[in-house]
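Hi,

Here is the model I promised to pass on. Have a look, and my notes on what turned up follow below.

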Amino acid sequence: MSGADGRLLARAPGKVNLSLLLGPRRADGYHALASVVEAVSLADEVRLAPAPAGTAEDQVVCPGVEGENLAARALAAYRQATGWRGPPLRLEIDKRIPVAAGMGGGSADAAAALRLAASAAGRPIERLDTADRAALDAVAFGLGADVPALLAPGLVAMEGAGERVRPLAPAPAHGILVLPSPHHLATAEVFAEADRRRLARDADELEAGHADVLAALAGGVLPPPELLVNDLQSAAAALCPPIEATLRTVLSAGADHAMLSGSGPTVFGLFLGGDGPDRAAAAATTLVRLEPAPVACVPVDAGWAAPRPATETPA
Ligand code: ATP
């Protein structure tokens, strides 16, 4: 899989949560969650190359993100977990997913780093047996709750605290309009606010709500609006009041449904039907005066995000 010169690139799709149900806090400190995570074409690009001669360690270059990068932790964790001793690597990340926005950008890059490292090691993730894939999922979860869901991106059911993921058949055609926020929200603060507001469902309610969402999707339809719910939305809006106006903005631009992604503050609109992607793109044009500008995108799958030789233009 590695290019002749060892250079690979992978797209790292961000995600929106079509449903995010919050359960009780577990003994390990994580909240139980049940979510349907959809990977979208608003993606970072991650390029892998041999590190420059004389470099002893893996390097990650990611303009726009200060501090330790989750992709660097992913490379280190991959080496540690698999014992792979390939030569030092350099990862370059072009950020397009808004940072600290509820779209799982850091998790997306970490997941892409795992895909790239696995390919560089000659063990691409689509060829792993069940046990090795489960071990890689565990490495992913050690990096962050959203990383397993983005390892083989697509439409994914996420349960537990994020450690249990399984692929779902793609949802019927729709477009997505992402409205990034000029504000940032820390995930931990949104969960703390949700706790203050006692938003968590009990375990039975969590399971039943999730089952309804999955049943709708299994029936080949997008769940009705009353099931497209993010339990963190009111907590995020309490910490970042402009979220409410942004939800109204995307509805007035023609979205069939508007909701918060993850812990926010990013809001997205769903445009249902085969013409949904075009309607989302048209709505992006009408809202172009917003800062940051809205981004129209579509659902993507694991093939779209798979590592390929860096000389190949992604399809
Ligand atoms: P999630 O939806 O998974 O809770 P998020 O979208 O709210 O995440 P991220 O964009 O993943 O948030 O960033 C959270 C923090 O992680 C940032 O403040 C940033 O400093 C740090 N970080 C580390 N590596 C990255 C990366 N590759 N991309 C973005 N942020 C990163």
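By class, 16 nonpolar, 2 polar and 4 charged residues line the second largest pocket (Ala, Val, Leu, Ile, Met, Phe, Trp, Tyr, Cys and Pro count as nonpolar, Asp, Glu, Lys and Arg as charged, the others, Gly among them, as polar). This is a predicted model, where local features need pLDDT of at least 70, side-chain atom pairs count only at pLDDT 80 or more, and totals for chains, interfaces and linings use all residues. Residues are numbered from 1 along each chain as its sequence is written, and side-chain values use heavy atoms, leaving out hydrogens and water.

β6 (164-167) gives the largest share of that lining, 3 residues (strands are DSSP runs of E, at least two residues, and helices runs of H or I, at least four, numbered from the N terminus).

In the largest pocket, the lining splits into 22 nonpolar, 14 polar and 7 charged residues. α5 (187-196) gives the most, with 5 residues.

Then there's an open sheet of 4 strands, ordered β8-β9-β7-β10, with antiparallel pairing (two strands pair if DSSP finds at least two bridges between them). β8 (257-260) and β10 (295-297) are at the edges with a single partner strand each, so one side of each has no neighbour in the sheet. β7 (residues 174-179) pairs with β10 over 3 bridges, in the antiparallel sense, and Leu177 sits opposite Ala296 in β10.

Cheers
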